[in-house]
Amino acid sequence: MLHTSDWHLGRSFHRVGLLDAQAAFLDHLVATVREHDVDAVLVAGDVYDRAIPPLAAVELFDSTLHRLAEAGVPTVMISGNHDSARRLGVGARLIERAGVHLRTDPGGIGTPVLLPDPPHGDVAVYGLPYLEPALVRERLGAARSRHQAVLAAAMDRVRADLAARPAGTRSVVLAHAFVTGGETSDSERDITVGGVASVPAAVFDGVDYVALGHLHGAQALTHRVRYSGSPLAYSFSEWRHRKTMWLVDLAPGGEVTAERVDCPVPRRLARLRGRLEDLLADPALDRHEDAWVEAVLTDPVRPAEPMARLTRRFPHTLALTFEPERSDDPDGHLSYARRLHGRTDQQIAEDFVAHVRGAGPDAHERAALRGALDDVRAGLAAREGEVGR
């Protein structure tokens, strides 16, 4: 089985379109299916990046399904928290005739896709779409509107169905959830609405393999519970990620072996930190000149035209922030109120300029601030006088 998830078709990276890179990944996925003689493709949610995806993303999805169907490889796919379950599930019964099984309705949790594997018996694949607790609690009979409660109720249905099947039936669950112990990144949408977001891996006990989606880093929480991660980086927090899919072998007795299959990398990511002149001159940074770059400048005074100068050396710089190195605030932990105590409006305004720019105002700027404050006071006094009449 080839386990993948979190395609996020239609997403961009700091305003850089990724549709070509996503198409290259899906080409790679289909090639991997053929090269490794894959028996089934598992897609664990977040097919699209938003509920109403752009037309080009829908066309890419459609062409991929056609190619998988032509290859004769069953595909089981669930909706994630970014997807519109109802939109993704349109035509599911018709598409199923081509071997593409869309599982977007919580009502079908206990009905598996049966993949024949003669002479070893069927593999039952259960699709658990993203379950928003407040929306599915009553339908699943969960005790509480919490992620753990609704997933536990869903897995009770899975185990009940599995128990009624012939002995030796192997089982796979696809789920889109935040499982305790998983390593997060900045590009996953928060799912804490509906209570504590994470659920223990033990909620999935009783099945042979759990193909997870939602977290963007490939990781194995247990031997049988794994995240495939996203095929592309969607935030600079993923710069250390090795983007892969899991190629999973499920033996006749239910034993699991898995190996990682690398995904194409459209452009490497780099996080650079330091003073601007150092970043521009350091020969050790030559290897990052063709990367997508996030730069954090630590100059005590904001330099002139920093982005223009950075992009001359690093033309693919996409993000720039400032964290000045300062020695004038040893009590940086003090509250805002304590910092302002006893200071005049003029001093507060001058401090603000120094904080933002890294250097305080000169004599002309101080005079301009003083004049602005005087005008405000005069205006307030005039309005108070009008009210008092």
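These legends describe close-up views of a predicted model.

**View A. Strand 18 (residues 292-297) and its burial.** Six of the six residues of strand 18 are buried, so the strand is largely enclosed by the rest of the structure. Trp 292, Glu 294 and Val 296 point one way from the strand, while Val 293, Ala 295 and Leu 297 point the other way. In a regular strand the side chains alternate between the two faces of the sheet.

**View B. Strand 17 (residues 269-274) beside strand 18.** The two strands run parallel and are joined by six bridges. Arg 271 stands opposite Glu 294 of strand 18. Between strand 17 and strand 18 the chain passes through helix 7 (residues 276-281), in a right-handed β-α-β crossover.

**View C. Strand 18 beside strand 19 (residues 317-322).** Five bridges pair these strands in the parallel sense. Here Glu 294 stands opposite Ala 319 of strand 19.

**View D. The largest nonpolar core.** This core has 29 residues, and Leu 128, Val 173 and Phe 204 have the most contacts inside it. Elements that give it two or more residues include strand 8 (122-128), helix 5 (133-140) and strand 9 (170-176). Helix 6 provides the largest share, eight residues.

**View E. Contacts of Val 173.** Leaving aside residues up to four places away in sequence, Val 173 touches Tyr 126, Leu 128, Met 155, Val 158, Phe 204, Val 207, Tyr 209, Val 210 and Ala 211. Another core, of 28 residues, lies apart from the largest one; among its residues are Val 33, Tyr 48, Val 73 and Ala 92.

Terms used
Residues are numbered from 1 along each chain as its sequence is written. This is a predicted model: local features need pLDDT of at least 70, side-chain atom pairs count only at pLDDT 80 or more; totals for chains, interfaces and linings use all residues. Side-chain values use heavy atoms; hydrogens and water are left out. Buried means under 20% relative accessible area, exposed over 50%, partly exposed in between (1.4 Å probe, protein chains only). Helices (H or I, at least four residues) and strands (E, at least two) are DSSP runs, numbered from the N terminus. Two strands pair if DSSP finds at least two bridges between them. A crossover is right-handed if, with the strands pointing away from the viewer, the path from the first strand over the helix to the second runs clockwise. A nonpolar core is a set of buried Ala, Val, Leu, Ile, Met, Phe, Trp, Tyr and Cys residues joined through side-chain atoms within 4.5 Å. Contact means heavy atoms within 4.5 Å.
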